[in-house]
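Welcome, and thank you for taking a look at this structure with us.

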Amino acid sequence: MIGNSHHNDRLDNYLLGKLSADEKAAMDAKLAADSQLQEDMLFQQDIVHALQEERRLELKNRLNSIEVGAGGFSSAIGLKIAAGVALVGLMGTAIYFYGSSDEPEAATELPVGIINFSDTDKPYTYSIPEMPAVTYTGTTVEKAEISQPREQSSVRPAAPVAIADVKAPISRKDKAVLPEAKNSNLKTDSQQNIQIQKPNVLSDFKDTEISASNHQPEAPVDALAQNRQFSTQSIEVSAQLHEKYDFHYQFYDNKLFIYGDFKSKPYEILEINTEGSRVYYLFFEKNYYGLKNDQQKLVRLKKISNEKLIKELEITRNQKMNPQHN
Amino acid sequence: MKDSEVLERIARGDEKALDFLYKKHYRMMTHIVISHGGGEQEAKDVFQDALIVFWQKAASGNLVLTSKISTYLYSICQNLWRKEFERKSKLVHEAKDSEEYLGEDSKERVQIIRKCVAELGSTCRKVLTYYYFDGLSMELIAEKLGFANTDTAKTKKYKCKKKLDELVRSKYSKSDFMD
C-alpha cells in the first residue's frame, strides 16, 4: 500500500479535506467496508497530525522570537536610533575613506572601486559588469518595518556566518541632516579627521547640533557617503547541501539560498547598503563571489576576479570586522 | 501594509507577513485575554495560536475574508480563549478521565513521528510541512525551496513521504503503537 501513490494521494486528500462531498461519501463507505484501508487511514492521519504539529510549533517559535515590547512607540524610537546609527555610519565611512586618501579631491571621486553611484544629475553604474544596475527607488519606512521582525527573529545559519558591518539603512531624512561639505574645507577637515576616534551614536540629530560642535568633523558629502553603508542586519541566509547544485545561489523571498558545502567551512556574507538598494558578496575560502540580489534563478557562484574590487572588498571586510582600527 | 497585501503575501507563503501581523496586533489581541481573566503568557499563546490558524487558512486559500483581518483575528482569539477558559475550569472540577489518557497516547505518537520527521532532514521537513500544514501548491513549494520545477517538488514530496512512512512504521512496530 505504501508504494501506491494514487492510494496515498487519495488518503491525503481525504485527510486534508480536499475531496468533494461525493468523493468523501464514497471514501467513507470504502473505509467502513475495508478494515485494512481504515488502518492505513489512521496511520496516515497520525502522520498528517504530526507534520501539522511540527509546522505549527515552528511558526510558534518564530513568533516567540519576535520582540513586541511597547508596540508603535518603540518602533518609532527604533527608527530614530537606526537613523542616528545610519548617520554615524555614513560619517564614519566617509571619514575613513576620506582620511586615508592623500588627495583632498578624492571626495569627489570614488575611493572604492566597487560601485559608481550617482547624485541626481549624473547617473553612474556599477563598474562590475556582472552586477545589476542600481537605480534609486527610495526605501520606504514601511518596508523597513516589515523586514525588521524577520531580522530580529532567530535566523539559524547552519555554518558560522559573519556579516560585515555597521547598520545604516539610508533614508531621505538621513540625507537631509547631513552637513554639506565645502571644497575649501575639505583639506583641513581631512587633517582634523585623523583625530577622530569613534563617533557617538546619536538618536536625534540636528543640523544645529552638528554645526555647533567644534569637535565633530564635518563629514564630506561624497558619493560614497551618500550611498554606501555596511549592514549588520543581515539578510536571512540558508545554506544547504544539494545533490545537484554544489556551488550555487539564488535569492527568493528576501532570503539568500546558497547551495554547497557551506556547513563545514565558514563563510561570510558582506551586505553593502546603497541608496535604494543592497549589494551582497560572499566570502568563502579566501575568494569573493558576487551575489545579485535579483537573482531568483539558481546559478553557479561566480568568483570575482577584478583585483581592484577584491582589494577593496578585503579592506572593507577587515575594516568592518575590526572596527577599532578605524 | 494593507490587508489585501498581507493576504497576498501569506498566499505566497511569505512569513514576514505573519511577523508583521504579530507585531501590529499583539497589544490589542492579548488585551482580549488579559481583560478576561487570562495571564500574559496565556494571552500570548492564544494570540499566537490564533495567528497560526489564520495563517494556515490564508496560506492554503481556504479563507474568504469578509471583514478586516483584525476583526477576524479578534474573533479567533475570543473563541480560543473561551475554549481554553472552559478547559481550565473543567480541569479544576474533574479528574482526568479515559478520554484524556487517549489524548496522551495520541500526543506520544505525534512525538514519535516528529522525531522521524527530524531524521528526514531539513528539505524533507519543509516540503512536507509546507504541503500538509500550509497547503502550499507544488509550484510555490518548488519556488520557495529552489527546486528546478514543479515536478521536482512533487517527486521530492513523494520520496520524503515514503521515507517518513517507512521510518514511522519501523518505530511503530518496535514500540507496538499500532496495538
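This is a predicted model: local features need pLDDT of at least 70, side-chain atom pairs count only at pLDDT 80 or more; totals for chains, interfaces and linings use all residues.

**Chain B as a whole**

Let us begin with chain B, which has eight helices and zero strands. Reading along its sequence gives the pattern α-α-α-α-α-α-α-α. Of the 179 residues in chain B, 44% are buried. The accessible surface of chain B is about 9500 Å², and carbon and sulfur atoms hold 51% of that area. How much of the contact in chain B, counted at a separation of 6 or more, joins residues 24 or more positions apart? Such pairs account for 62% of those contacts.

**The nonpolar cores**

The largest nonpolar core has 67 residues, and the members touching the most others are B:Ile10, B:Phe54, B:Ile141 and B:Leu164. Helix H3 of chain B, residues 40-59, contributes the most to this core, with ten residues. There is also a second, separate core of 17 residues, with A:Ile235, A:Ala239, A:Tyr249 and A:Phe251 among them.

Beyond its neighbours within four places in sequence, B:Ile141 is in contact with B:Val127, B:Tyr130, B:Tyr131, B:Leu136 and B:Phe147. B:Ile141 is also one of the buried residues of H7(B), together with B:Met138, B:Leu140, B:Ala142, B:Lys144 and B:Leu145. Helix H7 of chain B spans residues 138-145, and six of its eight residues are buried, so this helix is mostly covered. After H7(B) comes B:Gly146, with a positive phi near 75°.

| Helix pair | Angle between axes | Axis distance |
|---|---|---|
| H1(B) (residues 3-11) and H3(B) | about 75° | 8 Å apart |
| H3(A) (residues 35-64) and H6(B) (residues 122-134) | roughly 100° | within 8 Å |

Within chain B, H1(B) and H3(B) are therefore roughly perpendicular to each other. In this contact, B:Leu7, B:Ile10 and B:Ala11 of H1(B) meet B:Phe54, B:Trp55, B:Ala58 and B:Ala59 of H3(B). By class, the contact holds seven nonpolar residues, no polar and no charged ones.

Between the chains, H3(A) and H6(B) are likewise roughly perpendicular. From H3(A), the residues taking part include A:Val48, A:Leu51, A:Arg55 and A:Leu59, and from H6(B) they include B:Leu128, B:Thr129, B:Tyr130 and B:Phe133. What classes do the residues of this contact fall into? They divide into seven nonpolar, two polar and six charged.

**Two residues up close**

A:Arg55 lies in helix H3 of chain A. Is A:Arg55 buried or exposed? With a relative accessible area of 1%, where buried means under 20%, A:Arg55 is buried. Leaving out residues up to four places away in sequence, A:Arg55 touches B:Glu15, B:Trp55, B:Thr129, B:Tyr130, B:Phe133 and B:Asp134.

Now turn to B:Asp3, in helix H1 of chain B. Which residues does B:Asp3 touch, not counting residues up to four places away in sequence? They are B:Lys68 and B:Ile69.

Methods: Residues are numbered from 1 along each chain as its sequence is written. Chains are lettered from A and ligands numbered from 1 in the order in which they are written. Side-chain values use heavy atoms; hydrogens and water are left out. A nonpolar core is a set of buried Ala, Val, Leu, Ile, Met, Phe, Trp, Tyr and Cys residues joined through side-chain atoms within 4.5 Å. Buried means under 20% relative accessible area, exposed over 50%, partly exposed in between (1.4 Å probe, protein chains only). Helices (H or I, at least four residues) and strands (E, at least two) are DSSP runs, numbered from the N terminus. Contact means heavy atoms within 4.5 Å. Accessible areas come from the Shrake-Rupley method with a 1.4 Å probe; for residues, only the protein chains shown count as cover. Axes are lines fitted to C-alpha atoms, for helices over the stretch in contact, and angles run from 0 to 180 degrees between N-to-C directions. Angles under 35 degrees count as roughly parallel, over 145 as roughly antiparallel, 65 to 115 as roughly perpendicular and the rest as oblique. Ala, Val, Leu, Ile, Met, Phe, Trp, Tyr, Cys and Pro count as nonpolar, Asp, Glu, Lys and Arg as charged, and the others, Gly among them, as polar.
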